[in-house]
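I opened a new notebook page for this protein.

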Amino acid sequence: MYGPPRGKGSVAVIDFATRKIEATWVIPGGGSPDMGNVSADGKQLWLSGRYDDVVYVIDTTSGQVRSIAAGKEPHGLTVWPQPGRYSLGHTGNMR
């Protein structure tokens, strides 16, 4: 199942206390941000770009987006190390 390349491509930053969108990080030129993880220090959000064959690295302070070429349809991305001892599966759900 292959989706359309260069979709709208953005990530909404939500304040969970207020349930409001605080920022929207746009993928330059469009994209397909999918599953991923935040780095252990919280400085980077890594997401697979499933339909654009890339991985996105987003600076969580500035929202600046970098794309890294990847193989066909990267789906899901786990960043290690993550806090926790046991993986509960999927994209870095740890306990």
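My entries follow, from the whole chain to single residues.

**Ground rules.** This is a predicted model, where local features need pLDDT of at least 70, side-chain atom pairs count only at pLDDT 80 or more, and totals for chains, interfaces and linings use all residues. Residues are numbered from 1 along each chain as its sequence is written, and side-chain values use heavy atoms, with hydrogens and water left out.

**Whole chain.** I looked up the secondary structure and found zero helices and six strands. I took helices (H or I, at least four residues) and strands (E, at least two) as DSSP runs, numbered from the N terminus. Along the sequence the pattern reads β-β-β-β-β-β. I then checked burial: 29% of the 95 residues count as buried. Buried means under 20% relative accessible area with a 1.4 Å probe, protein chains only. The protein exposes about 6300 Å², and carbon and sulfur atoms supply 54% of that area. The areas come from the Shrake-Rupley method with a 1.4 Å probe. For contacts, I used heavy atoms within 4.5 Å. Among contacts between residues at least 6 apart in sequence, 33% join residues at least 24 apart.

**Hairpin.** I went to β1 (residues 10-15) and β2 (residues 20-26) next. They pair in the antiparallel sense over six bridges. Two strands pair if DSSP finds at least two bridges between them. The two strands form a hairpin with four residues between them. In the turn, R19 has a positive phi of about 60°. D15 stands opposite K20 in β2.

**Open sheet.** Which strands form the open sheet, and in what order? I read four strands, β3-β4-β5-β6, with antiparallel pairing. The edges are β3 (33-38) and β6 (65-69), each pairing on one side only. Neighbouring strands are turned by 25° against each other on average, direction ignored. Axes here are lines fitted to C-alpha atoms, and angles run from 0 to 180 degrees between N-to-C directions. Five bridges join β5 to β6. V54 stands opposite A69 in β6.

**Core.** I listed the largest nonpolar core: V11, W25, I27, L45, L47, V54, Y56, I58 and V65. Such a core is a set of buried Ala, Val, Leu, Ile, Met, Phe, Trp, Tyr and Cys residues joined through side-chain atoms within 4.5 Å. The elements giving two or more residues are β4 (44-49) and β5 (54-59). β5 gives the most, with three.

Notes: Buried < 20%, exposed > 50% of the residue type's maximum accessible area, 1.4 Å probe, protein only.
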